[in-house]
Amino acid sequence: MKRRDFLKIIGAGGVGTGLGVLFGKLTKAPGAKLIPRLIPPEDVIPGIGTWYSSSCTQCGAGCGTMVKVMEGHARKIEGNPLNPVNKGKLCVRGQAALQALYNPDRIKAPLKRRGERGKGDFEEISWDEAISIVAKNLAGTPADKAYLVSSRLRGHYNTLVANFMAGYGSQNHINYELFQPRNLAYANQVSMGLGAIPHYDIENTKYLLSFGADFSTTWLSPVGYSRAYGEMRQGKGKRGKLVQVEPRLSLSGANADEWVSVRPGAEGILALSIAFAIIEKGQYRGGDAGSWKAALGAFKPSEAVKLTGVSEEKIYEIAKEFAATRPSLALGGGNVARYEDGHAGLVAVNILNHVAGNIGIKGGVVPNPETNLRGEKRNDFKNSIAKFAHDASAGKVKAVLFCNTNPVFTAPAQMKLTDALKNTAFIASVSSFIDETTAMADIVLPVHHTLEDWGDDFTDPAPGAGQAAIIQPVVSPVYNTKGLGDIFISLGKAMGGKTASKLPGGSYADYLKDSWKELYSRNRAMSVGTSGFDEFWNKVLANGGWWPAEQDRPRTAHVSASAV
Ligand code: SF4
């Protein structure tokens, strides 16, 4: 007998005997479980980790990640130095994604409501049964009475779900999550005609004037902006200045050279008043100064004092330095975006950037290219959670599928969503945890964690140039869950008819790869340095995505005086 065979028998026998004594019986033949430990798969070297590239989905920033996997378990997540969004850095939330992957409270299998709605009393069922119940209820509901409420769907999840909804014939897709830059996207669209959030070039600016944007904690892309802020303050060249304007001191404000207290809701008025002062003092470089002065006439610093609580001297002082320092950059976020008319304050910040000549320059506001994914539906400003709550209260919502979002907890209490959902005949939820919304569901479809699933992300905001990041499974599913794309494909197939015909016949992984093949075929920059799609795809999986070697050509945008 060989030494290796001897060790196998001793190992299996020893552990098997121990388990047998402990539980009274062996649930599996010992060899079935133990031999893989003794003869691991070829690519597993015990004690040696393998790093896989992927992307973080813990917030909307889409930082690139590298995940260390040892013996089939994800052990550590770090930032991907190749990804231009975060350049190797990662925040605590990104690092903590492992806690969600192995969280014992994750939903472990599809669930069916057993007790009273909202009490969270469920029983486990099979995937076939769960998909068939959801499909039957959706197919049996008129499409205009069925709703999908989802968090932001990244990349090709978005195109797949848009196809699903188009096949079903429903326009009722509500994109909702708590920290959604919806007002910013709207403000940029109406004032600058931009479909994507621009790149705010903090790294290269010399005077940063932030209206409530807490960029070092939660605003848009906190890791990327914190890194850029570090470069602005301590990198090469002259140290940049930060002036933070807000009613309540934020962490970014605590790091500022100057903190300016402003009355809540008056941030936009202050921005327009600074813009007026720039024009009044002849620091505006455009040829249409007359129309701007007329448009901003109501925001003279002498008038703005009463509304903003900021002195006239301070307004002129900020205006002079902001316009004279090149390049300068104004940000609008936080409270400014959260008022009911939040987009108006953000339009005011865009106007200030325009008047100071900051749009389309290095160190200013750099418009990002559109992703141009076929069939993508990125910004839909007609559908909102308020409209959904209104329709649900009016009894117009007969079936709803929630997807990775928890509006029952996060939407304003005045919307009374819990009461409104009592009028809804069927509720399903795609989720990883029994949160307040999922507890209201009749059927729960547990979804893979990002580290178990395929996906991609075309970040918004992008880092000033086109980029495409990949999400790939780095470990086998821990529980009996399904990938998000595969859930929609299974539902579509079970519903049949037009919905099925709009969806791919294979798996989501195949759909994703085919979609990237299509992107590759119409994007010449992607083929640079590769001999064909297969080589390109292997590089994407190894690097965590694709980024052009050369920066895209500079882009700019225009704000007209009619935006006031
Ligand atoms: S900032 Fe980056 S690392 Fe942090 S949660 Fe968001 S995507 Fe993840």
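This is a predicted model: local features need pLDDT of at least 70, side-chain atom pairs count only at pLDDT 80 or more; totals for chains, interfaces and linings use all residues.

Q: How does the shell around the ligand divide by class?
A: The shell has 8 nonpolar, 3 polar and 1 charged residues. Here Ala, Val, Leu, Ile, Met, Phe, Trp, Tyr, Cys and Pro count as nonpolar, Asp, Glu, Lys and Arg as charged, and the others, Gly among them, as polar.

Q: Which residues are around the ligand?
A: They are Cys 56, Gln 58, Cys 59, Ala 61, Gly 62, Cys 63, Leu 90, Cys 91, Arg 93, Gly 94, Pro 222 and Val 223.

Q: What is the average pLDDT of the protein?
A: The average is 89, and 90% of the residues score at least 70. pLDDT is the predictor's confidence in each residue, from 0 to 100.

Q: Changing topic to helix packing: at what angle do H6 and H19 pack?
A: Helix H6 (residues 155–168) and helix H19 (residues 484–495) pack at about 15 degrees, with their axes 10 Å apart. H6 is therefore roughly parallel to H19. Axes are lines fitted to C-alpha atoms, for helices over the stretch in contact, and angles run from 0 to 180 degrees between N-to-C directions. Angles under 35 degrees count as roughly parallel, over 145 as roughly antiparallel, 65 to 115 as roughly perpendicular and the rest as oblique.

Q: Which residues of H6 and H19 meet?
A: Tyr 157, Leu 160, Val 161, Phe 164 and Tyr 168 in H6 meet Leu 484, Gly 485, Phe 488, Ile 489, Leu 491, Gly 492 and Met 495 in H19. By class, this contact has 10 nonpolar, 2 polar and no charged residues.

Q: How far apart are the axes of H10 and H12?
A: The axes of helix H10 (residues 267–280) and helix H12 (residues 301–308) are 10 Å apart, at an angle of about 165 degrees. H10 is therefore roughly antiparallel to H12. Their contact involves Ile 269, Leu 270, Ser 273, Phe 276 and Ala 277 of H10, together with Pro 301, Ala 304, Leu 307 and Thr 308 of H12. It has 7 nonpolar, 2 polar and no charged residues.

Q: Finally the backbone: which peptide bonds are cis?
A: A cis bond joins Arg 326 and Pro 327, with omega about -10 degrees, and another runs from Asp 460 to Pro 461, with omega near 15 degrees. Pro 327 is in the loop between helix H13 (312–324) and strand S12 (328–332). Pro 461 is in the loop between strand S17 (455–457) and strand S18 (468–471).

Q: What phi does Glu 71 have?
A: Glu 71 has a positive phi of about 45 degrees although it is not a glycine. Glu 71 lies in the loop between strand S2 (64–70) and strand S3 (73–79).

Conventions
Residues are numbered from 1 along each chain as its sequence is written. Side-chain values use heavy atoms; hydrogens and water are left out. A residue is near a molecule or strand if one of its heavy atoms lies within 4 Å of it. Helices (H or I, at least four residues) and strands (E, at least two) are DSSP runs, numbered from the N terminus. Contact means heavy atoms within 4.5 Å.
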